[in-house]
Amino acid sequence: MKLKKIIGSALVAISLSMPAFAQQGQTDQVAQLAQMVGLSDDQQAEIRGIISEMEGELGELRQDAQGLQRELQGEIKADYDEDNIRSHAEKLGDVTGKIAALSALMQAKVDAVFTKEQRDELDRKMKQMQQQMQQQMQQRQMQQSQ
């Protein structure tokens, strides 16, 4: 279950990380999920609706976070002001917390669309993918150590 949430979060994060990708990625990601677990057309439409509903707010928050990050980086200088740095960092933390909460909420809403059987199938496939990734990492490590 934990792995599914990590992979699900990653899929959602990827699709939401870039606005241009989000439009195209939403369809591709939902289609991938549909193939993996056999989503009905209604389920696919519901998931697309959930993503679309939350994209706007998440996009605005991402833009805010990027601006705050730039402001924080601008405070890194020889004549720094610790209060300004702390203030920018706190604001950035608030915004990233909101992003995390909305992303988790969106993931929970998407998860609620799946049947128990679909969740089980997704868990099984995510475990398979994790095992494959671990094997690939081990192979790379072995190759690098030679």
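A: In this predicted model, Arg124 and Glu121 are 3 residues apart in helix α5 (residues 116–145), so about one helical turn separates them. Helices here are DSSP runs of H or I with at least four residues, strands are runs of E with at least two, and both are numbered from the N terminus. Arg124 forms a salt bridge with Glu121, with 2.7 Å between the closest N and O atoms. The term salt bridge denotes a side-chain nitrogen of Lys or Arg within 4 Å of a carboxyl oxygen of Asp or Glu.

Glu121 also meets Lys125 in a salt bridge (3.4 Å, N to O); these two residues lie 4 residues apart in helix α5, about one turn of the helix.

The cut-offs are under 20% relative accessible area for buried, over 50% for exposed, and partly exposed in between (1.4 Å probe, protein chains only).

The whole structure holds 6 salt bridges. One of them joins the side chains of Lys109 and Glu53 (3.3 Å, N to O). This pair links distant parts of the chain, 56 residues apart: Lys109 is in helix α4 (residues 82–113) and Glu53 in helix α3 (residues 41–74). Lys109 is partly exposed because its relative accessibility is 30%, whereas Glu53, at 55%, is exposed.

Residues are numbered from 1 along each chain as its sequence is written, and side-chain values use heavy atoms, without hydrogens and water. As the model is predicted, local features need pLDDT of at least 70 and side-chain atom pairs count only at pLDDT 80 or more, while totals for chains, interfaces and linings use all residues.
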